[in-house]
Amino acid sequence: MLLSLKMNYKTAMGEEYKAGCPPGNSTAGSNGDPDATKASEDFVDPWTVRTSSAKGIDYDKLIVQFGSSKIDKELINRIERATGQRPHRFLRRGIFFSHRDMNQILDAYENKKPFYLYTGRGPSSEAMHLGHLVPFIFTKWLQDVFDVPLVIQMSDDEKYLWKDLTLEQAYSYTVENAKDIIACGFDVNKTFIFSDLEYMGQSPGFYKNVVKIQKHVTFNQVKGIFGFTDSDCIGKISFPAVQAAPSFSNSFPKIFRDRTDIQCLIPCAIDQDPYFRMTRDVAPRIGHPKPALLHSTFFPALQGAQTKMSASDPNSSIFLTDTAKQIKSKVNKHAFSGGRDTVEEHRQFGGNCEVDVSFMYLTFFLEDDDSLEQIRKDYTSGAMLTGELKKTLIDVLQPLIAEHQARRKAVTEETVKEFMAPRQLSFHFQ
């Protein structure tokens, strides 16, 4: 009974139970610690990201709070050795910064044992923004270097439950968003994109896993993990099991038949981690391996790193439908600057790259490490002005978005149907 209570505590709080140590405190009796108070300023769950710092979330504290592990140089070197490829810029620059059990995945890969990738998208609007591309750009790289199958969940059921949408609207957003995802260059022979609204009825294996997960998680646990209240609809309370189910290989009988032993690797933003803490707690109790995770930082809004972007505010981000002119206008008008008030001050004291959104965006999308470092030095020293930094970003983003739009234009309804048809995928598993 005590073990069960400790497990429930760990699932709800994301940390091991320690006697005499209240949740959120690393040592007993640290109630008066100013650092503990400061940590409470950052708040992250799947729907809300809040921080008072212009630098954004303190990710080191988040790692401690969530109980994950930091992606260190040693792990990046191991990924490079295993794949024979230079690590992706998202790994080199700490954009994917935290993990759970990535070493297990590398053990499996080095021993020629199978694993698969799982990521997803909650389709809440027709147009996706740059931040939505981050997990897909990285997942595409993982698929290429490890040569493994990938499943992509479109959680249109979640958006129907949380937003003011009809089922038809939610599904139409799935199809439109799928076109943007396909335009990232995924291999149709190794990628299955599925809509929850559609796939659940086609796959008894998927629904059976959903029900098993539901049986092993109490209402108290989901309230603790996700903050649900008594006035939330029952659809919200049962949804976490739907997001958890793709972590188990026999949810996809057409791909993996009835195998239950294939581990899953999930690249996602860190705000999705509560779903998978719950999944990892349930997995061994229903005979599955725990999914491994790679967590990314948040893509900042144009107005600054204090919040995630909102698809409903057109000026909070660069959308994948924006024209070259709109991109230029948004960056120049809305991108938060780390520059000084006057040119003279800026030349004397330099700019602050840690809060400058244009520089943050370049860390995501400028491939060349040397160029990025040179920009950082020039801006920090005052040799480069804010207008010049913004122009550099515009010159990077305009072709990036234009190329994406050209690829998306080539994606037809037939292509989407091909990706979304339950079928066997091509892979070399023992």
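## Briefing on a predicted model: sheet, cores and salt bridges

Lysine 112 is exposed, with a relative accessible area of 60%, and its place is in the loop between α6 (102-110) and β5. The structure is a predicted model, and the points below take up its open sheet of seven strands, its nonpolar cores, the largest of which has 67 residues, and its salt bridges, of which a search of the whole structure finds 27.

**The sheet and strand β5**

- The seven strands of the open sheet follow the order β3-β4-β9-β8-β5-β6-β7, and their pairing is mixed; β3 and β7 (191-195) stand at the edges with a single partner strand each, so one side of each is left without a neighbour in the sheet.
- Strand β5 (residues 115-121) pairs with strand β6 (residues 150-154) in the parallel sense over five bridges, and within this pairing glycine 120 stands opposite glutamine 153, while arginine 121 stands opposite methionine 154.
- With strand β8 (residues 263-269), β5 also pairs in the parallel sense, here over three bridges, and phenylalanine 115 stands opposite glutamine 263 of β8.
- Six of the seven residues of β5 are buried, which leaves the strand mostly covered.
- Together with helix α7 (residues 130-146), β5 and β6 make a right-handed β-α-β unit.

**Residues with a positive phi**

- Most residues other than glycine have a negative phi.
- Lysine 112 has a positive phi of about 60 degrees although it is not a glycine.
- Aspartate 147, likewise not a glycine, has a positive phi of about 55 degrees; this residue is found in the loop between α7 and β6 and counts as partly exposed, at 31% relative accessibility.

- Ile327, Lys330 and Val331 are buried in helix α16 (residues 324-334); seen down the axis of α16, the buried residues fall within an arc of 95 degrees, so they line one face of the helix.
- The buried residues of α16 pack against α18 (357-365) and α20 (386-409), whereas Lys325 and Lys333, on the other side of α16, are exposed.

- Isoleucine 71, in the loop between β3 (69-70) and α4 (73-83), counts as buried because its relative accessibility of 9% is under 20%.
- Although isoleucine 71 and histidine 99 are 28 residues apart in sequence, they are 6.3 Å apart in space, C-alpha to C-alpha, and the contacts of isoleucine 71 include His99 together with Leu91, Phe96, Phe97 and Leu294.
- Histidine 346 lies in helix α17 (residues 343-349) and is buried, with a relative accessible area of 3%; among the residues that histidine 346 touches are Gly339, Arg340, Tyr379, Met384 and Thr386.

**Salt bridges**

- Arginine 92 forms a salt bridge with aspartate 369, and the closest N and O atoms are 2.8 Å apart; arginine 92 lies in helix α5 (residues 89-92) and aspartate 369 in helix α19 (residues 369-381), so the pair ties together parts that are 277 residues apart in sequence.
- Arginine 92 is partly exposed, with a relative accessible area of 24%, and aspartate 369 is partly exposed as well, with a value of 26%.
- A network of salt bridges links Arg86, Arg89, Arg92, Arg93, Glu367 and Asp369.
- Aspartate 147 forms a salt bridge with lysine 190, in which the closest N and O atoms are 2.5 Å apart; lysine 190 lies in the loop between α9 (167-182) and β7, so the pair ties together parts that are 43 residues apart in sequence.
- Lysine 190 is buried, with a relative accessible area of 16%, whereas aspartate 147 is partly exposed.
- Arginine 408 forms a salt bridge with glutamate 176, the closest N and O atoms being 3.0 Å apart, and this pair links distant parts of the chain, with arginine 408 in helix α20 and glutamate 176 in helix α9, 232 residues apart.
- Arginine 408 counts as partly exposed, at 22% relative accessibility.

Technical notes. Residues are numbered from 1 along each chain as its sequence is written. This is a predicted model: local features need pLDDT of at least 70, side-chain atom pairs count only at pLDDT 80 or more; totals for chains, interfaces and linings use all residues. Side-chain values use heavy atoms; hydrogens and water are left out. Helices (H or I, at least four residues) and strands (E, at least two) are DSSP runs, numbered from the N terminus. Buried means under 20% relative accessible area, exposed over 50%, partly exposed in between (1.4 Å probe, protein chains only). Contact means heavy atoms within 4.5 Å. The arc is that of the directions from the helix axis to the C-beta atoms. Two strands pair if DSSP finds at least two bridges between them. A crossover is right-handed if, with the strands pointing away from the viewer, the path from the first strand over the helix to the second runs clockwise. A nonpolar core is a set of buried Ala, Val, Leu, Ile, Met, Phe, Trp, Tyr and Cys residues joined through side-chain atoms within 4.5 Å. A salt bridge is a side-chain nitrogen of Lys or Arg within 4 Å of a carboxyl oxygen of Asp or Glu. Lists of a residue's contacts leave out its neighbours within four places in sequence.
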